[in-house]
Amino acid sequence: MSVGEIRPVLQSGCSNADVQAALASLPAPRSVAAEVPIADLQQLRSDGFVEERVQASRWQRQYVNRVVAVDLQVGLAAGLAAYLLRFGEVPAVNWPYLVAAIALSAGWCVALLMGRAYETRFLFAGGEEYRRVLNSAIFLTAFIAILAYCTNTAFARGYVLLSMPLLLSLDLGARHLLRMALTRQRRRGLCMHRAVVLGTSRQVQVFAQQLRREPYHGMSVVGCCLPVGVAVGDSDVVDVPVYGAFDDVLRAIIDADADTLIVLPSPDIDPAAMRALSWDLEGTGVDLILANALLDVTGPRTSIRPVDGLPLLHVEPASLTGARRVVKRIFDVVVSGLLLVCASPMLLAVALAVRLSSKGPALFMQTRVGKDGREFRLYKFRSMYLDAEERLAELQHQNEHNGILFKIRDDPRVTKLGKHLRRFSIDELPQLINVLKGDMSLVGPRPPLPREVAQYAHDVRRRLAVIPGLTGLWQVSGRSNLSWEDSVRLDLRYVENWSLSFDLVILLRTFVAVVRSSGAY
């Protein structure tokens, strides 16, 4: 009896015995790893397969070795530089501090080791590595202070105040350079994890496309297993090789020569089967990764809370108000004010150049939509001719964007000077005035036009939950080269995971994106 045949029985007011009999007639659900072939399990645990996984992960060990070597060099350089800056003498004059400068290198590596900054799960991508480096620097500073107090050692505070910030900044910069080099290798298909994905066809397709767009994560989907009943090899469903159903997962790992198994949320995967699968993968060198059902919610908003042995994922509400928003506002006012003062000569020169290059005012003012749908006047350097708005209708058919935005690479409405201003985002600088006024923030989703907001779907309106920004996550991830769906996805990710440290990272990436001028038109 099928589920469709049972529904009338349940709705007819029948007895409990009839209901139980009907439910008992349903076929037992199949789930991942329900029946693992012994041959597949033996081959997965064979010495040859495990050795291949060890060889495949050799690049990870080499990367960690390079990180350790860099940390030692950075510690020595920071210690000696602080010594020279503090004392300004030949190193042989003050031996205790010279020895301390050399010991700082070893102490720094020990602090990083205790802070778990060398674990591969925190390296390669994401901001957790940098956070652990920062925590290690704080720990080492506190340790030196406590040690000097307990031993009554007269230690020059100026030396510590110079060496530790220098050590932290140099190490963060060096690790970022190592990661950039790794990212360049991954864009060429090197140093990648070969992953088999379990999930529905739509889930697998979306997940694989996202990993292709963001190769710095180091995951390459080489195959998938779909629920029972989905046609194997159906190229119209997914564009990665399909190795069978969920029960064929171990054979899929072997055939695809994979080193990672990623399990997406699915009702066909029960906890007991997942536990058995994790046991089967022990000692094989294959990593098991479970994806939660929440989209773009990461970082401090999520935590694992065990309840009676069950690992429950707790999600904190998004921080859209409160003390951290006050700190963000103070940061916006201070930084935008300093930038306006320092850049005022350049702003005056650009304004004069705009007035002389074409007819019209130097500043272009436009109505935009801000937080909670409130409209405001946005300031920009004029980069188009005066009749740009009137000519928009005749150019709509040339739109190169696949969403509600209008973008074309060679827009005839843009002036010659405007092309250069847009290339390096100089036309956006007057928006620092909007930041000072409180209409905008330094970082946030870009403020949309009212006609764009009128076409927003319900989920897209989530972008209006925060103050719009001068720069944002999608600007540093491809700018106008991104599709409308990718732009929305990145903006929503920012809204859900905002933090001041996240803002700082985006500001640093903005400088790199502006210099490269990729996707600016």
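Glu 428 counts as buried, at 18% relative accessibility, where buried means under 20% relative accessible area, exposed over 50% and partly exposed in between, with a 1.4 Å probe and protein chains only. The side chain of Glu 428 meets that of Lys 380 in a salt bridge at 3.9 Å, N to O; the term denotes a side-chain nitrogen of Lys or Arg within 4 Å of a carboxyl oxygen of Asp or Glu. Lys 380 is likewise buried, with a relative accessible area of 12%. The pair links distant parts of the chain, 48 residues apart: Glu 428 belongs to the loop between α14 (416–423) and α15, and Lys 380 to strand β9. Helices (H or I, at least four residues) and strands (E, at least two) are DSSP runs, numbered from the N terminus.

These values come from a predicted model, in which local features need pLDDT of at least 70 and side-chain atom pairs count only at pLDDT 80 or more, while totals for chains, interfaces and linings use all residues. Residues are numbered from 1 along each chain as its sequence is written, and side-chain values use heavy atoms, with hydrogens and water left out.

The structure holds 16 salt bridges. One of them joins Asp 439 to Arg 374, with the closest N and O atoms 3.6 Å apart. This pair, too, links distant parts of the chain, 65 residues apart: Asp 439 is in the loop between α15 (431–437) and β10 (441–443), and Arg 374 is in the loop between β8 (363–369) and β9 (375–381). Asp 439 is buried, with a relative accessible area of 10%, whereas Arg 374 counts as partly exposed at 42%. Asp 439 also forms a salt bridge with Lys 437, the closest N and O atoms being 3.8 Å apart. Lys 437 is partly exposed, with a relative accessible area of 48%. Elsewhere, a network of salt bridges links Asp 71, Glu 129, Asp 171, Arg 175 and Arg 179.

Leaving aside neighbours within four places in sequence, Tyr 63 is in contact with Leu 123, Phe 124, Arg 175, Leu 178, Arg 179 and Leu 182, contact meaning heavy atoms within 4.5 Å. The largest nonpolar core has 27 residues, and those with the most contacts inside it are Tyr 63, Trp 108, Leu 140 and Leu 167. Helices α5 (58–87), α6 (95–114), α7 (128–150) and α8 (157–187) each supply at least two residues of this core. A second, separate core of 24 residues includes Ala 362, Phe 381, Leu 473 and Ile 506. In both cases the term describes a set of buried Ala, Val, Leu, Ile, Met, Phe, Trp, Tyr and Cys residues joined through side-chain atoms within 4.5 Å.

Ser 336 lies in helix α12 (residues 323–357) and counts as buried, at 0% relative accessibility. Not counting residues up to four places away in sequence, Ser 336 touches Leu 432, Val 435, Leu 436 and Leu 442.

Two further helices show how burial is arranged around an axis. The buried residues of α9 are Ser 201, Val 204, Gln 205, Ala 208 and Leu 211. Seen down the axis of α9, these residues fall within an arc of 135 degrees, so they line one face of the helix; the arc is that of the directions from the helix axis to the C-beta atoms. An α-helix has 3.6 residues a turn, so residues three or four places apart point the same way. The buried residues of α9 pack against β1 (193–198) and β2 (219–226).

In α11, the buried residues are Ala 273, Met 274, Leu 277, Asp 280 and Leu 281. They cover an arc of only 115 degrees around the axis, which puts them on the same side of α11. Just after α11, Gly 283 takes a positive phi of about 80 degrees. Val 286 lies in the loop between α11 (271–281) and β5 (287–290) and counts as buried at 8% relative accessibility. The C-alpha atoms of Val 286 and Ala 195 are separated by 9.4 Å, although these residues are 91 residues apart along the chain.

Taken as a whole, the protein has 18 helices and 11 strands. Of its 521 residues, 42% count as buried.
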